[in-house]
Amino acid sequence: RDLVVPGYEKGNFVGPTILKDVTQDMECYKEEIFGPVLVCLKPTVKLLIDGKLVESKTKSFVELLNPATQEVVSLVPNCTPNEFQAAVDNSQDAFGKWRSTSIMTRSRVMFKLQDLIKENMDELAANIVREQGKTFADAKGDVFRGLEVVEAACGMPTLQMGEHVENVSTGIDTYTIRQPLGVVAGICPFNFPAMIPLWMFPVAVTTGNTMVMKPSEKDPGAAMMLADLALQAGLPPGVLNLVHGTHDVVNMILDEPKIKAISFVGSDQAGKYIYARGTANGKRVQSNMGAKNHAVIMPDANPEATISALTGAAFGAAGQRCMAISAAVFVAGSEHMMEKLVEKAKTLQAAGPLVSTLLWSEVEKKALVNEGMQAGADLGPVITAASKERIGSLVQGGINAGAECILDGDAWQMTWMTPLRGSLRVQADDLDDAIAKVNANAYGNGTAIFTNSGAAARKFQADIDVGQVGINVPIPVPVPCFSFTGSRGSFLGDTNFYGKSGVNFYTQIKTVTAQWRPSDISSGGRAANLDK
């Protein structure tokens, strides 16, 4: 329909048209509530620069869809080069004063931030349900695992300590100090919209750096909320700035001379590209990428505990996590657990009705806007329709290669599919064979063994070539007093995320050798004679 908007009387607009300055109290909004203006009034995600929310002047936006309903939640801007440069320059300006702020003061910001995150846990989780599609319980876990890094950052005065050796030679001392790098950047994935930003900026800023962060364009809301909480906690404007966008913004980060280091979590293709281009430009880069995580099941494993652990690790978060168990290796004698695993997986409940809703009324559909909030839901949708199609093609590819699909969880949720509940099973003759099968894959993010034998567990942890090992623990993500130590094809860089490694990544070590002669001590303007 033609639409006349106040301030635009000289021209009518047909169809969805982006119109600025349209507010809900205007008659045109009320009259066209089911028409084009409803599309135009979707909120835009703001940039955060110098502690202020900034409306991007870009003409390029990405539609952010609720994965469960495919409803447009908001429009995410591809920020302009000038806006990106403003964010970087502002972070550079803030760095000098922030690095000189006492480490105790910086730590107090983290103490306050962890309180605010706890107070706003439900709001953060609800945003993740809406933008990412997780169940509410899983979304709260997303926030909580990030909160643990904030809590660890509260101890930065100890973590950032250097070393000191007195009298390396007569009257000479040597000591090390760890200094911040300057402006650093974070590039975040879609699958953990709260946890991964919290892997990055608390450690980066508490060590004295300033950060420009790019959340995923698929679900930036949690990062925006966390940045606001950080400001409320006392983080000065400019210490953490947020920009939005896709490939062009990533390239700006990679090529910007003022950015000294880049943290990335995401796919293989993107991670290898970011590492190569970033390091070629002289930047320090840590790149966490893809994985193929195996669980090895020994015949003596506790069946009930093992099956429960495998079910959650394989299918939780709709499988959209780099530490998900995607292959189960059953050592000879443990095959009886396979059928029980299938039966357990069949009990999983997907959020929303497992029937087509194509014929549902709009009122009925709107009653199910946040399926992940439903009590008892084990699974939400995957992030996009394209992701669902990719999962289907991978399953079909396995079948075409000769694999047997023993459980297909294909079902309608709203107007598209829930994730296929299929996981690769492999059989091994013995523990040595299982270890060889795991080590033959290119990735090294995580693995697990289920056994009641201490000797088997010890051999497994010694011989397996994977960075993070679980013994009767399906997803062995370390708590932040340790570091996330994925290896081989799952990681590029020299220094891992959070823990002591994270502190080392965001700081430059400097070694000082100092000599102070006793004869130089002055007393009343004259050198003191210490022999008297």
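## Report on the predicted protein chain

Of the 532 residues in the protein chain, 49% are buried (under 20% relative accessible area; exposed is over 50% and partly exposed lies in between, with a 1.4 Å probe and protein chains only). The model is predicted: local features need pLDDT of at least 70, side-chain atom pairs count only at pLDDT 80 or more, and totals for chains, interfaces and linings use all residues. Residues are numbered from 1 along each chain as its sequence is written, and side-chain values use heavy atoms, with hydrogens and water left out.

The protein chain holds 18 helices and 26 strands, defined as DSSP runs numbered from the N terminus (H or I, at least four residues, for helices; E, at least two, for strands).

Strand E10 (residues 210-214) is mostly covered, with five of its five residues buried. In a regular strand the side chains alternate between the two faces of the sheet. In E10, Thr210, Val212 and Lys214 lie on one side and Met211 and Met213 on the other, and all are buried. Its pairings are listed below; two strands pair if DSSP finds at least two bridges between them.

| Strands | Sense | Bridges |
|---|---|---|
| E9 (residues 183-187) and E10 | parallel | five |
| E10 and E11 (residues 240-242) | parallel | three |

The chain passes from E9 through H8 to E10 in a right-handed β-α-β crossover; right-handed means that, with the strands pointing away from the viewer, the path from the first strand over the helix to the second runs clockwise. From E10, the chain crosses through helix H9 (residues 221-232) to E11, and this β-α-β crossover is also right-handed.

### Nonpolar cores

A nonpolar core is a set of buried Ala, Val, Leu, Ile, Met, Phe, Trp, Tyr and Cys residues joined through side-chain atoms within 4.5 Å. The largest has 61 residues, and those with the most contacts inside it include Trp199, Met200 and Met211. Helix H8 (residues 195-206) supplies the largest share of this core, nine residues. A second, separate core of 21 residues includes Ala185, Ile187, Met252 and Phe264.

Beyond its neighbours within four places in sequence, methionine 200 is in contact with residues including Ile187, Met211, Met213 and Phe264, where contact means heavy atoms within 4.5 Å.

### Lysine 500

Lysine 500 lies in helix H18 (residues 499-505). This residue counts as partly exposed because its relative accessibility is 36%. Not counting residues up to four places away in sequence, lysine 500 touches Leu159, Met161 and Ser483. Lysine 500 and leucine 159 are 341 residues apart in sequence, while their C-alpha atoms are 6.6 Å apart in space.
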